[in-house]
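Please keep the structure in view while reading.

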Amino acid sequence: MKVRVVTLGCKLNFAESSALMNTLLAKGCVRAKPSEAADLVIVNTCTVTDTADHKDRQVIHRLKRENPEAKIIVTGCYAALIRQKQTRGEQLSDADTAILRQINHLIPKDLEHFHPAYSRDDRTRCFLKVQDGCNYFCTYCTIPFARGRSRNPRIAHVVEQAQQALREGAKEIILTGVNMGDFGRSTGETFIELLRALDQLDNNSDLGQTEYRIRISSCEPNLLTDEIIDFVAGSRHFAPHFHIPLQSGNNEMLKIMHRHYTRELFEERIEHIRRVIPHAFIGVDCMVGVRGESEERWQDYLAFIQRLPVSQLHVFTYSERANTRMLEMNLEVVPMKERERCSQILHQVSQDKTNNFYQQHMGQQAVVLWESKKSQDGRIFGFTENYIKVSCPYDKAKINHFESIIIGCDAQLS
Ligand code: SF4
């Protein structure tokens with residue numbers, strides 16, 4: 001049977017799709033070539049915003065057209081939310097009903113058990129799932145409904161998978177999860193214990209000479225303790241790279257959003273990182289246009305974010321999601337135009353911060369891991385440990401190797 005697995009959304013979905021494909025291949029299925037129609041199409045969907053839902057539907061319609069004889073199975077977060085609406089007897093939108101007519105099965109993810117997964121996007125990096133689900137129920141978010149409660153495997157199991165990835169040639173492991181700092185909730189272990197174990201992968205006899213590095217894809221600020229930051233600062237394999245969701249820089253908004261910290265705590269975390277790892281790359285998630293974000297609160301948020309010494313912002317525009325608590329709250333709705341305006345402003349702030357961060361590191365020594373992609377003008381790309389993208393003339397021998405370089409001299413900013 002020829003199968004095609006199509007993935008939308010986050011790295012976690014990509015890791016899970018990869019595990020799914022491997023299971024199908026082990027059962028005798030073959031991967032459909034890009035040019036041929038498949039017998040079975042599985043679409044692993046996302047539902048983080050309205051736009052994500054829209055994209056899911058577009059992709060499903062297109063796949064039905066391109067594979068008219070195939071069985072179509074839809075799984076993932078969008079599938080989970082549709083199933084929930086059906087279970088509660090809620091009326092589906094016309095667009096969702098049209099999707100149900102196109103597909104053979106809707107299979108939401110298992111919301112109770114942990115299913116291990118990892119994927120390799122090219123020969124270099126491996127996305128390793130270490131946690132799933134979330135117990136936080138932020139008032140704007142549907143993810144806890146789509147992915148269930150927080151759960152994780154035991155550390156020993158993650159270590160085995162990471163070692164396997166290194167044996168297969170991965171040089172960089174990116175730890176992924178929904179609320180990763182919550183690791184250990186279901187096993188009585190802790191996130192920092194996991195990090196310590198992963199820093200020792202090369203203690204295993206057959207991996208003694210293996211060079212590798214690890215990135216933590218994201219961690220909630222209240223769970224990113226000083227102990228973890230200090231550990232990363234002194235570790236042998238963890239990259240000086242943090243990705244921390246802020247979502248709003250105004251304390252009243254953080255309360256409305258039911259986030260678990262104040263902006264003062266967030267700022268302390270950033271200051272601590274800058275104190276112990278001055279060259280760290282710090283990416284920050286920011287939402288704009290959330291209900292209740294008055295002009296006064298937005299200005300307060302903007303002023304806060306402008307002064308934070310971070311390297312990049314990931315900007316998300318709020319969209320109303322069915323069944324979230326925010327819709328039941330009596331809050332001022334931010335007009336769409338205003339949401340777009342705030343998004344543009346934060347994109348510009350982000351651009352300035354990234355340029356600034358890059359300029360600070362010109363002429364500095366760094367270790368780059370070269371990736372396999374070749375650009376049209378014949379260059380090869382890679383990231384330094386602190387996530388600066390650089391390039392140099394293509395050389396096949398460099399692929400999947402670490403190299404010590406001077407930024408702006410041996411390799412150019414990209
Ligand atoms: S922490 Fe909040 S925003 Fe993140 S997945 Fe959990 S509920 Fe959603």
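## Ligand shell

The model is predicted. Around the ligand sit Cys134, Tyr136, Phe137, Cys138, Cys141, Ile143, Pro144, Val178, Asn179 and Glu220. By class, this shell holds 8 nonpolar residues, 1 polar and 1 charged.

## Domains

The domain assignment divides the protein into domain 1 (2-107), domain 2 (118-360) and domain 3 (365-413). Between the C-alpha centres of domain 1 and domain 3 the separation is 35 Å.

## Helices α2 and α4

Two packed helices are described by the angle between their axes and the distance between the axes. Helix α2 spans residues 50-66 and helix α4 spans residues 94-102. Their axes come within 10 Å and cross at roughly 30°. Angles under 35 degrees count as roughly parallel, so α2 and α4 are roughly parallel to each other. The crossing of α2 past α4 is left-handed.

From α2, the contact uses Arg57, Ile60, His61 and Lys64; from α4, Ala95, Ile99 and Gln102. The contact residues of α2 and α4 comprise 3 nonpolar, 2 polar and 2 charged.

## Helices α8 and α10

Helix α8 covers residues 226-234, and helix α10 covers residues 263-276. The two axes cross at roughly 25° and come within 10 Å. That angle makes α8 roughly parallel to α10. Here α8 passes α10 in a right-handed crossing.

Asp226, Ile229, Asp230 and Ala233 of α8 meet His272, Ile273 and Val276 of α10. This contact of α8 with α10 counts 4 nonpolar, 1 polar and 2 charged residues.

Key: Residues numbered from 1 in each chain as written. Predicted model: local features only at pLDDT ≥ 70, side-chain atom pairs only at ≥ 80, totals over all residues. Domains from an automatic or database assignment. Near = placed C-beta within 6 Å. Nonpolar A, V, L, I, M, F, W, Y, C, P; charged D, E, K, R; others polar. Axes fitted to C-alpha atoms, helices over the stretch in contact; angles between N-to-C directions. Helix = DSSP H or I, 4+ residues; strand = E, 2+ residues; numbered from the N terminus. Parallel < 35°, antiparallel > 145°, perpendicular 65-115°, else oblique. Left-handed = near helix turned anticlockwise from the far one by under 90°. Contact = placed C-beta atoms within 7 Å.
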